[in-house]
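Here is a friendly briefing to read alongside the model. Have the sequence and the 3D view open as you go.

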Amino acid sequence: MKKITKFLASASVCAGMFVSLSAAAVTTLKVGTWLPPTAPQNAIVWPTWAKWVEEATEGRVKVELEYGLGHPKSMFDLVEDQVIDASFTVNGYVPGRFSLGSIAELPGESSDAEKASVALWKVQEKYFNQANEYDGLKLLGLFVHGPGQLHTTFPVNSLADLKDKKIRIGGGVASEVAKRLEVTEVAAPAPKIYEMMQQGVVEGVFLPALDLKYLRLAEVSKYLTAFPDGMYTTTFSFFINPDSFAALSEKDQQALMSVSGEKLSRLAGKTWGEADANGYAAAKENGIVINRLSENDPMVVELKAKTADMAAHWIETAKAKNVDGAAALEMFRSLVK
């Protein structure tokens, strides 16, 4: 009987050690996010990717979201310093560092966020990686939101109506568009826009339609001027700390990347693009005056004329980083068109 008891005790200890080792083998990646829980990024994109990662690694790697970490531009630093393991944010929040990705932001290049996101990732792989813009980070994916539109508290009947108006701009190519429209640019992170519009700090904002719902813009704006292909778009990056990535086994590194890259980029672009429909619905529910412009509308024609040379300027920016911008732009256009 004593032998049996001793055996059972030993077996129990071994089982406990096995459970402990199994638990220790699970890695939880802390992922920072700066949008509200209801936003498509947090409601769909991150949870879907988390599921993919867990399935691909057979449960060895899990993903946990962290909210309220500060300004969206701080995500780059937080990941580089390994305060969190991974995150995403707007490339334009750090002017100059991630200039190549703005190829996807150029006015009129694409109104399809999914196609543009996939095209951007492929061009990144072929042309941009060599520029090492993500030095200190490991890139996991790239995407753009749907067409950036004009949301205002005043009616816009011509582009001249925008002169000297205080408009919140998120950086990147949108800032260059704003300069050409002679608006008074106000910089602020996306989560601050509701308060700024409500208090009259700004009279308008450049944003995709989805934010009428997810940033509650429909509650504080009055007019939506929608350009057929948008006025611009915005490039976002997914990234992970290289040490956090290296700490995973080689098998799990490969598994994680198998559900990142083009697959993650496509998911994000598709999700954000489709969410624009919810924004338009929110606009109608809140009585927003929607002015859908045609291709021949004078404002569309004038915007094209004012921004016609921006692609050439981008090519020069790429050249400064030893990238064949003309070839990259040709590839991007062929993939989205």
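**A loop residue to start with**

Arg216 counts as partly exposed, because its relative accessibility is 41% (buried means under 20% relative accessible area, exposed over 50%, and partly exposed in between, with a 1.4 Å probe and protein chains only). This is a predicted model, in which local features need pLDDT of at least 70 and side-chain atom pairs count only at pLDDT 80 or more, while totals for chains, interfaces and linings use all residues. Residues are numbered from 1 along each chain as its sequence is written, and side-chain values use heavy atoms, with hydrogens and water left out.

**Positive phi**

- Arg216 lies in the loop between α7 (211–214) and β9; helices (H or I, at least four residues) and strands (E, at least two) are DSSP runs, numbered from the N terminus.
- The phi of Arg216 is near 60°, a positive value in a residue other than glycine.
- Most residues other than glycine have a negative phi.
- Asn322 also has phi near 60°, and its place is the loop between α13 (310–320) and α14 (325–336).
- With a relative accessibility of 67%, Asn322 counts as exposed.

**The six-stranded sheet**

- An open sheet with mixed pairing is built from six strands in the order β7-β6-β8-β5-β9-β11; two strands pair if DSSP finds at least two bridges between them.
- At the edges are β7 (184–187) and β11 (289–292), each of which pairs on one side only.
- On average, neighbouring strands of this sheet are turned by 30° against each other, direction ignored; axes are lines fitted to C-alpha atoms, for helices over the stretch in contact, and angles run from 0 to 180 degrees between N-to-C directions.
- Strands β5 (residues 148–152) and β8 (residues 204–208) run antiparallel and are joined by five bridges, with Thr152 opposite Gly204 in β8.
- β5 is also joined to β9 by three bridges, again antiparallel, and here His151 stands opposite Leu224 in β9.
- Between β9 and β11 the pairing is parallel, over four bridges; Thr225 has Asn291 in β11 as its bridge partner.
- Which helix packs on the sheet, touching β5, β8, β9 and β11? Helix α11 (residues 276–285) does, and its direction makes about 130° with that of β11 (contact means heavy atoms within 4.5 Å).

**The five-stranded sheet**

- Five strands form an open sheet of mixed pairing, in the order β2-β1-β3-β10-β4.
- β2 (61–66) and β4 are its edge strands, each with a single partner strand, so one side of each is left without a neighbour in the sheet.
- Neighbouring strands here are turned by 20° against each other on average, direction ignored.
- Six bridges join β1 (residues 27–32) to β2 in a parallel run, and Leu29 has Val63 in β2 as its bridge partner.
- Two helices to look for here: α4 lies across β4 and β10 (235–240), at about 145° to β4, and α9 (residues 250–258) lies across β1, β2 and β4, at about 10° to β4.

- Helix α10 (residues 261–274) packs with α11 at an angle of about 15°, their axes 4 Å apart.
- That angle makes α10 roughly parallel to α11 (angles under 35 degrees count as roughly parallel, over 145 as roughly antiparallel, 65 to 115 as roughly perpendicular and the rest as oblique).
- Trp272, Gly273 and Glu274 in α10 meet Asp276, Ala277 and Asn278 in α11.
- Ala56, in helix α2 (residues 40–56), is partly exposed at 30% relative accessible area.
- Ala56 and Val259 lie 203 residues apart in sequence but 7.6 Å apart in space, C-alpha to C-alpha.
- Leaving aside neighbours within four places in sequence, Ala56 is in contact with Ala255, Ser258 and Val259.

**Aromatic rings**

- The count of aromatic pairs comes to 16; rings of Phe, Tyr and Trp (its six-membered ring) pair if their centres lie within 6.5 Å, with planes under 30 degrees apart counted as stacked, over 60 as edge-to-face and the rest as tilted.
- Phe98 and Tyr134 form a tilted pair, 4.7 Å centre to centre with 35° between the planes.
- These two residues are 36 residues apart, Phe98 in the loop between β3 (86–90) and α4 (113–128), Tyr134 in the loop between α4 and β4 (138–144).
- Both Phe98 and Tyr134 are buried.
- Ring pairs also link Trp34, Trp46, Trp49, Phe88, Phe143, Phe236, Phe238 and Trp272 into a cluster.
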